[in-house]
Amino acid sequence: VLFLQIVHILNMTSAKIVSFLLHPEESLHSLQNRIEFETGISTGNQELLLETGICLDPRKPASQCVIDGVRGWDSYMVYLFDKSKTVYDGPFASRSLSDCVNYIVQDSKIQLPIPQLRKVWAEAVHYVIGLKEDYSRLFQGQRAAMLSLLRYNANLIKMKNNMVSASQQLKAKLEFFHQSIRLDLERYSDQMAYGISSEKMLKAWKEMEEKASQCAQAEDIGYLDEQIMALHTEIVELQKSPYARRQGEVMESLEQRAIDLYKQLKARPPDHAYSDSTDMVKIIVQTVQSQDRVLKELFGHLSKLLGCKQKIIDLLPEIEVALNNIKEADNSVMQMQGKRQREIWHLLKIACTQSSSRSLVSPSLEGTASTPAATWHPQSSSGNAAPHPLSSLAAPEDGESFADVIRENVNYLELFSSILQEVRQEQNSMMVS
């Protein structure tokens with residue numbers, strides 16, 4: 001018996017407790033099927049919360065419902081909520097009276113012997129204590145719902161901060177992209193008259209600018225931010241509400257009065273005296289009325305908590321969609337920026353290639369003109385004539401230098417032709433892209 005595991009489920013939709021004996025290594029899904037059979041709440045709509053507001057993990061066994069140790073081993077509750085409902089119709093009817101207590105409630109002035117009255121009043125005190133404990137359990141269920149709401153809200157705030165950060169980054173990248181592409185378009189227009197031009201590339205850049213303007217729609221998250229802030233304000237107000245705190249002080253004082261009244265009766269000698277139950281019945285009625293009031297407030301507050309929680313559940317997919325749109329827009333801007341920079345470097349390569357080809361052609365032409373002059377010796381009419389001023393330069397021997405010059409010029413011509421062909425191909429490929 002000591003090793004048996006019993007879980008107590010408080011159904012917050014009906015304020016009733018159902019208990020189950022857990023089988024060894026029973027899964028949570030199996031327990032939920034049994035709960036569905038007892039309560040009528042389908043497994044898909046069941047939300048089982050611990051006192052801390054943590055939802056039970058379906059990957060773990062059902063024994064997670066039972067805490068280890070001695071404290072509260074037979075009073076620890078798991079709170080059952082119906083996810084298909086956000087408005088709970090409490091307060092619910094108080095626990096039923098026993099026959100003897102109902103007897104004195106029907107006629108509080110009836111005279112009973114002291115020994116019999118002790119038994120009736122003992123049950124009356126137990127009833128008053130039970131009403132207070134019923135409220136305490138339901139309040140604990142409301143507190144678990146509040147803690148669960150705060151967990152959802154923390155996740156919402158985290159996703160909202162990620163969304164705002166991503167939106168600000170996208171906005172900064174779009175501003176940089178617009179400024180840089182405008183400057184590129186201006187500089188490109190300035191050099192078109194004497195530099196390199198490509199209508200297809202110019203058209204592609206303007207399309208990039210229009211596409212970047214469309215990407216700016218993804219950074220508009222103002223409507224979501226307003227909803228989140230309004231919801232956050234509503235949650236803060238619920239936390240500050242007096243109904244978020246225990247309201248059982250009146251019931252606790254009535255409980256103490258009932259106990260004191262029973263002690264006074266118990267101290268009386270068991271003689272043949274009779275007495276009525278007017279004072280005890282008054283306490284019972286006041287306790288029932290107090291419970292009706294606090295339960296009405298409790299379930300009204302609980303319905304607001306569950307309504308806020310449902311709003312968060314509805315907002316999370318919208319934030320996820322907004323985050324995905326921002327990421328897609330961010331990737332698109334970065335791809336356009338990279339494509340444009342590659343095209344700019346391609347233009348720079350073509351310009352450098354043309355410049356280098358001109359620098360290679362000029363020295364080759366100078367070399368072909370100066371070599372004959374440097375090697376040319378004019379004929380003299382007399383063998384003893386003064387030497388020509390250019391005779392100090394090195395003269396070719398046996399015609400070998402002339403062949404070297406011709407070979408070098410042919411090499412330069414082939415190099416120049418290949419450079420021109422490469423430039424034409426690069427220009428054609430750039431215009432096609």
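Here are legends for a few close-up views of this predicted model. Local features need pLDDT of at least 70, side-chain atom pairs count only at pLDDT 80 or more, and totals for chains, interfaces and linings use all residues. Residues are numbered from 1 along each chain as its sequence is written, and side-chain values use heavy atoms, with hydrogens and water left out.

**View 1. The open sheet has four strands in the order β2-β1-β4-β3, with mixed pairing.** Strands (E, at least two residues) and helices (H or I, at least four) are DSSP runs, numbered from the N terminus; two strands pair if DSSP finds at least two bridges between them. At the edges sit β2 (16–21) and β3 (46–49), each pairing on one side only. From one strand to the next, the twist averages 30 degrees.

**View 2. Here β1 (residues 6–11) meets β2.** The two pair in the antiparallel sense over six bridges. Look for His8, which stands opposite Ser19 in β2.

**View 3. Two helices lie across the sheet strands β1, β2, β3 and β4.** Helix α1 (residues 28–39) runs at about 140 degrees to β2, while α3 runs at about 65 degrees to β4 (77–82). Angles run from 0 to 180 degrees between N-to-C directions, and axes are lines fitted to C-alpha atoms, for helices over the stretch in contact.

**View 4. Helix α2 (residues 99–106) packs against helix α3 (residues 114–191).** Their axes are 9 Å apart, at an angle of about 95 degrees, so the pair is roughly perpendicular (65 to 115 degrees). Contact (heavy atoms within 4.5 Å) is made by Cys100, Val101 and Ile104 of α2 and Val120, Trp121, Glu123 and Ala124 of α3.

Notes: Parallel < 35°, antiparallel > 145°, perpendicular 65-115°, else oblique.
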